[in-house]
Amino acid sequence: MRRAGSRMNRPRSPRFPAAAENRGLAIINQTSLAPRRPMRHRAACKEISVAKPDSSRIFLPLLAGASLRDRVVASVGALVGISLAGLICAAMFPATMPWIIAPIGASAVLLFAVPASPLAQPWSIVGGNVISGIFGVVVAQAIGEPAFAAALAVSTAILVMSLARCLHPPGGAVALSAVLGWQSFSGHVADFLVPVLINSLILVAIGMLFHRFSGHSYPHRARPVDGKAVPQEPVGLLMDDIDGALADLGETFDISREDLALLLARAEAHAAERVAKAQLALAGSKLAAEKAKKRKREKVGS
């Protein structure tokens, strides 16, 4: 899944719902998109300002959309996932082979805590860990200086994972583990790579099963909001608008372009609903004032 802000293979499409349909997401079929606000209402947008950094919140990182229920579900998922992966691998592997690798713990955090993240998708976990492990072994074998080998292994892992579209932060730890543990398994590379592969596959399989009951989509797909009407001719933000905004910011965000498009579509719908309610309330106030004036004139005339 593409990460928002990535410039590799970014399609240019007329509308983001159409782009989503082309990728099998069919967002437009069930998502309500609000039309652009008239010019007279756009002045209200000026009231929204970019939040300034608050030093008191520097140690309070927040995940958009996170809830206490999600954190509890993530904890239970990690408990189940790591336990089952460890038990299965311990039964499969010989005593000389590690039954689980440390970076799998980090993979479990992404898989169960942020299953919608492009970094937590099946190919990211399996491909990222395995590719990083392979290149970590290659670097450890080629470079004798541990410090330089460690740095080169992690940097190479980042590059190769990015090119293979499976960027996964724990992959950096896998590459580093290959260098740090090279002396212990240099003659038996399979003792390191096999656990990396099997641990990753089992964890992903458990995650797929677990999230069928957790209420989350995994592998993640941008899901429309149920029960929302669809206009016949949707207008509003274009995917090119989103791409332009991402290019302006110059940052890479941990959200897919499809999820970002869906989020903005819903935000537009809520904004339009809020403006419509305000207009209705204003019209009602004016009507009530006119009726009051009319009654007052009738009383004076009588």
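Trainee: Why does R69 count as partly exposed?

Mentor: Buried means under 20% relative accessible area, exposed over 50%, and partly exposed in between, with a 1.4 Å probe and protein chains only. The relative accessibility of R69 is 48%, so R69 counts as partly exposed. Please note that this is a predicted model, in which local features need pLDDT of at least 70 and side-chain atom pairs count only at pLDDT 80 or more, while totals for chains, interfaces and linings use all residues. Residues are numbered from 1 along each chain as its sequence is written, and side-chain values use heavy atoms, with hydrogens and water left out.

Trainee: What makes R69 and D70 a salt bridge?

Mentor: A salt bridge requires a side-chain nitrogen of Lys or Arg within 4 Å of a carboxyl oxygen of Asp or Glu. In R69 and D70 the closest N and O atoms are 3.3 Å apart. D70 has 14% relative accessibility and therefore counts as buried.

Trainee: How many salt bridges does this rule give?

Mentor: The count is 2. E273 also forms one with K277, where the closest N and O atoms are 3.6 Å apart.

Trainee: Why are E273 and K277 separated by about one helical turn?

Mentor: They stand 4 residues apart in helix 11 (residues 257–301), and therefore about one helical turn separates them. A helix here is a DSSP run (H or I, at least four residues), numbered from the N terminus. E273, at 42%, is partly exposed, whereas K277, at 55%, is exposed.

Trainee: Why are helix 5 and helix 9 called roughly antiparallel?

Mentor: Helix 5 (residues 122–142) and helix 9 (residues 190–214) pack at about 170°, with axes 9 Å apart. Axes are lines fitted to C-alpha atoms over the stretch in contact, and angles run from 0 to 180 degrees between N-to-C directions. Angles under 35 degrees count as roughly parallel, over 145 as roughly antiparallel, 65 to 115 as roughly perpendicular and the rest as oblique. Helix 5 and helix 9 are therefore roughly antiparallel.

Trainee: Which residues meet there?

Mentor: With contact meaning heavy atoms within 4.5 Å, the residues of helix 5 include P122, I125 and V126, and those of helix 9 include F192, L193 and V196.

Trainee: How many disulfides does the structure hold?

Mentor: The structure holds 0, a disulfide being a pair of cysteine sulfur atoms within 2.5 Å. C89, at 0% relative accessibility, counts as buried, and C166 is likewise buried at 0%.

Key. Helices (H or I, at least four residues) and strands (E, at least two) are DSSP runs, numbered from the N terminus.
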